[in-house]
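Here is a short briefing on a two-chain model. Look over the structure first, then read on.

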Amino acid sequence: MDSKLIINLVYVISSFLFIVGLKNLSSPATARKGNLISSLGMFIAVVATLFLNEIISFKFILGAVIAGTIVGISMARLIAMTSMPEMVALLNGFGGLSSLLVGVGAYYQNTSSPSLFFSIVVVFSIVIGAITLTGSILAWAKLNGTVKKPLQYMGQQFFNAGILFAIIYFSYTFSVNYDINSLFFVIGLSLLIGIFAVAPIGGADMPVVISLLNSYSGLAACAAGFVIQNNLLIVAGALVGASGIILTQIMCKAMNRKLSNVLFSGFSSAGGKEEEIKGEVSPISVDDTYLILEAAKNVCIVPGYGMAVAQAQHAVRELSELLEENGCEVNFAIHPVAGRMPGHMNVLLAEANVPYEILKEMDDVNPIMENIDVCIVIGANDVVNPAARESETSPIYGMPVINVDQANTVLVLKRGMASGFAGIQNPLFFKPNTRMLFGDAKSSIQELVAEFK
Amino acid sequence: MDSSLAVSLTFILLLSIFLGVELISKVPSTLHTPLMSGSNAISGITLLGAMSLAGNSDDPTIVVVLGSLAVFFATLNVVGGYFVTDRMLEMFKKKDNQ
């Protein structure tokens, strides 16, 4: 048997391991094992590739692998759990960059009249890689607060469409002529469109963007697989691409918006005048909050991005344990788009040692909301806004929300009366059964914990 | 590349997308963040392509340079992705092992 055949057989095993690994992600109990299986698949694929006949010198590979490993492990170790969305954005960007580099490298490797198919996949891999790279870097900058405001201006969509057409044009000339000038235009314009495409998207829509970029990084790997004619890259890339697309769909559905609407227009343009909100805000003191919670038999905690900002997850866990000791049933209700990426809240609560069984999905909690004594809303706003249900003129009308207002009492922990990321007034704060506990979420909860002790 | 190879690669792509959709829709929302970082690590599979560029010293220098850079970033993606996913998944605990 020649080495090429053996290598390809190893690739088959490796795709199998990726698939088994993903399958194990269907339950938190087996997920960690799944990740190990998947990494084993990657490891054997890399080792087998070293035996390819084309690979004659190992020094550059080895150097780059060692450097990448050191930086990768330190990043993974040092990153705070609250910064996980930034980390994922950055890793997406690196994936995009490496497809971009592989595409350009493959061009220089095959300078003599390659097939049309080859030049098409090369340019595809470069375009997707470049968009993923700059899009992810801007997403990263937005997530860590370096870039704050979404950038929107007149004619933005026409401008972006113009760039997109230019990319298609130069991709075409490159595929036909295989010339370096077209290639440079393609690279430059693709890097630009990555930035311009993410620029108008606001903070609350970030979960969609990250999922979409995740999907792009998979497509980029797929394209690179066509470039080097490697099945394993295609299988792995398709799995990742599918995962990103599904997450994107889930996020869009949870916001009741179409993907095109998220990508091409901000919340502000979602239309409609808002109704005047009638009623009064009722603030509450920590002492009174304690009395309410002390008497509660059934508490549901609804966390949002504000919990991540206040780093309140550990204090929240302590409070939930004290409530349980007090004979109260505690659950967490998590909206799919709470936080800055899919599953963001779950990871933070897991970090704080909250068992995953009591983390409930929105659809499981809403039907039993009326039986809940106290709902504690921590740093969430738009995802608990009853206007999405009641007010047809609200910009978020129709978005599925956690119906906290149907609980007997709602406690809202909030800094002040500022509106959410979408800039929409929240009638929840004016409901007769709502009490507002103003102040930093973390210190408020710590004070409550102290009262319980 | 001959057209029959192109067709069979596309065939594999199509089947893999369907398989991916089936697999991923079974992942609970609790695990969506680790799913993203874990699948992200898998997308670092471009490492294989990068290696075959970096390891061929017969190629022009620019190919080796681009390849080595690609190896670096793909490794970063793979190693960082798997490690951070493992770190997250380690934290997901059941009630009784607290």
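Which residue in S3(A) is the bridge partner of Phe332(A)? The partner is Leu359(A).

This is a predicted model, in which local features need pLDDT of at least 70, side-chain atom pairs count only at pLDDT 80 or more, and totals for chains, interfaces and linings use all residues. Residues are numbered from 1 along each chain as its sequence is written, with chains lettered from A and ligands numbered from 1 in the order in which they are written.

**Strands of chain A**
- S1(A) (residues 298–303) and S2(A) (residues 329–334) pair in the parallel sense over 4 bridges. Pairing requires at least two DSSP bridges; strands are DSSP runs of E, at least two residues, and helices are runs of H or I, at least four, numbered from the N terminus.
- Ile301(A) has Phe332(A) as its bridge partner in S2(A).
- S2(A) also runs parallel to S3(A) (residues 359–361), joined by 3 bridges.

**Helix pair in chain B**
- H3(B) (residues 47–54) and H4(B) (residues 61–91) pack at about 150°, axes 7 Å apart. Axes are fitted to C-alpha atoms, for helices over the stretch in contact, and angles run from 0 to 180 degrees between N-to-C directions.
- The two helices are therefore roughly antiparallel (angles over 145 degrees).
- Residues of H3(B) in the contact include Leu47(B) and Met51(B), and those of H4(B) include Val71(B) and Val78(B). Contact means C-beta atoms, placed from the backbone, within 7 Å.

**Interface**
- The contact takes 80 residues from chain B and 95 from chain A.
- H4(B) gives the most to chain B's side, with 29 residues.

Notes: Angles under 35 degrees count as roughly parallel, over 145 as roughly antiparallel, 65 to 115 as roughly perpendicular and the rest as oblique. Two residues are in contact if their C-beta atoms, placed from the backbone, lie within 7 Å.
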